[in-house]
Every structure is written in C-alpha cells, then in structure tokens.
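Please examine the sequence and the structure shown below. The briefing that follows is written for a reader who is new to protein structure.

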Amino acid sequence: MPADLAPLIAATTQWLTRAFPAGGGPLTAALAEAQARQAVTVATWLRYPTGLDAALVVLTGPGGSARLDEVTGGHGRAAAGPADLAWRSWVDEVVASWAAHLLTAPDAAKEAVKALDETEHGVTGPAEFRRLTAPSAHDLAATALLRHPDLLEPIARLHHADLLDRLRLGPARAR
C-alpha cells in the first residue's frame, strides 16, 4: 500500500475511545482500544480500498472530528492545544461512522472483514480481526460503551447507507 493510512486510523481510533471510554484500568482500556482500532482499520480499508484512494485521502486530509463532536455533544469544547487540534484533523467521519456500525453489528463486522479480500490491503485472514468479529467476554466487558448500540447509533447512522452500499457492491468500487 503506497499511502500510509496510520495517522487516519490512529486519530479515528483515538476519537472513538475518547468519545466512548472504557471503564476500569489499563487492561480494560487496552482491550477497548484494540477493538476500536480493528473496527477503524476495517472501515478505513473498505473506505479507501486502493492505493489511489489512500493516496488521495493522505493528500487532501480526511476532514476532522467537528461534526462527530457535535453529534456526540462535544460541540463548543475548546481544543486542549495545537496537538489536540492536529490529531483531530486526521479523524475521518465516514470511517468513524462505519466503525461504530461494525462495533455494534457482529454480522456486518464479519461481512466487512470478508469484503477486505477485494481490497489492495493484503489481509492475512479473519483472525487478524478476531477482537472485532468474535470478541471474548473480557473484550465485551471492556467495551460496554464502545459497543452499546443506543450510544453509537447517532454516529453509525451518519453514513450507514454508504457502508451497506459498499458491502453490497464490493469495496473495490471507489467513490
């Protein structure tokens, strides 16, 4: 993959885990972050299935977290500083929306992972996304907020139709 989508994945994962934090200690937070990262990675690779798609988003930027902050009630909150503004600018609203749906819909998550076979991202297999598609009891306990359908519904709803369209028509269909 010629373009590095790591900043987009990291920022969108960070936004999700801050918006829907894990309770408990460091282990719980790490389990929640791992699941969020897997959902965001799958959503990112579906959204940007080719090297060209990835290069274009790296060139233009994904758009930032402003609308997501507003939908979750964080509008008007001042950024903590330049570093906070910087990472928030790499949040991808569509990816966050798709990841929210994948976290709350196990069947869609499995279908999305299967659809990655049609991308240029070279997925090694479904085990790579086990925490997303087959979470353990510990995984689920760590993500009580992050996988709560009622809490994530406003985010998941934003671009739900586009995700269903992508899964139905195949991820290689660039938009």
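The points below describe the fold, the helix contacts, the aromatic pairs and some individual residues.

This is a predicted model, in which local features need pLDDT of at least 70, side-chain atom pairs count only at pLDDT 80 or more, and totals for chains, interfaces and linings use all residues. Residues are numbered from 1 along each chain as its sequence is written, and side-chain values use heavy atoms, with hydrogens and water left out.

**Overall fold**

- The secondary structure of the chain consists of 11 helices and zero strands; helices (H or I, at least four residues) and strands (E, at least two) are DSSP runs, numbered from the N terminus.
- Along the sequence, the pattern is α-α-α-α-α-α-α-α-α-α-α.
- Of the 175 residues of the chain, 46% count as buried; buried means under 20% relative accessible area, exposed over 50%, and partly exposed in between, with a 1.4 Å probe and protein chains only.
- Among contacts between residues at least 6 apart in sequence, 82% join residues at least 24 apart, where contact means heavy atoms within 4.5 Å.

**Helix 6 and helix 2**

- The axes of helix 2 (residues 26-47) and helix 6 (residues 93-104) come within 8 Å and cross at roughly 125 degrees; axes are lines fitted to C-alpha atoms, for helices over the stretch in contact, and angles run from 0 to 180 degrees between N-to-C directions.
- Helix 2 and helix 6 are therefore oblique to each other; angles under 35 degrees count as roughly parallel, over 145 as roughly antiparallel, 65 to 115 as roughly perpendicular and the rest as oblique.
- The crossing of helix 2 with helix 6 is right-handed; a crossing is left-handed if the near helix is turned anticlockwise from the far one by less than a right angle, and right-handed if clockwise.
- On the helix 2 side, the contact involves Q35, A39, V40, V42, A43, T44, L46 and R47, which meet V94, V95, W98, A99, L102 and L103 in helix 6.
- By class, the contact of helix 2 with helix 6 has 11 nonpolar, two polar and one charged residues; Ala, Val, Leu, Ile, Met, Phe, Trp, Tyr, Cys and Pro count as nonpolar, Asp, Glu, Lys and Arg as charged, and the others, Gly among them, as polar.

- The axes of helix 6 and helix 10 (residues 149-158) come within 7 Å and cross at roughly 140 degrees, which makes helix 6 oblique to helix 10.
- Helix 6 passes helix 10 in a left-handed crossing.
- In this contact, E93, A96, S97, A100, H101, L103 and T104 of helix 6 meet P149, L152, I155, A156, R157 and L158 of helix 10.
- The contact of helix 6 with helix 10 comprises eight nonpolar, three polar and two charged residues.

**Aromatic pairs**

- The structure holds two aromatic pairs; rings of Phe, Tyr and Trp (its six-membered ring) pair if their centres lie within 6.5 Å, and planes under 30 degrees apart count as stacked, over 60 as edge-to-face and the rest as tilted.
- The ring centres of W15 and F20 are 6.3 Å apart and the planes lie at 80 degrees, so this pair is edge-to-face.
- W15 counts as buried at 2% relative accessibility, and F20 counts as buried at 8%.
- The ring centres of W45 and F129 are 6.0 Å apart with planes at 85 degrees, so this pair is also edge-to-face.
- W45 lies in helix 2 and F129 in the loop between helix 7 (106-115) and helix 8 (130-133), so the pair ties together parts that are 84 residues apart in sequence.
- Both W45 and F129 are buried.

**Individual residues of helix 2**

- V42 is buried, with a relative accessible area of 0%.
- Not counting residues up to four places away in sequence, V42 touches L102, A112, V113, L116, F129 and L132.
- T44 also counts as buried, at 0% relative accessibility.
- Leaving aside neighbours within four places in sequence, T44 is in contact with L5, L8, I9 and V95.
- R47 counts as partly exposed at 24% relative accessibility.
- The C-alpha atoms of R47 and V95 are separated by 7.0 Å, although the two residues are 48 residues apart along the chain.
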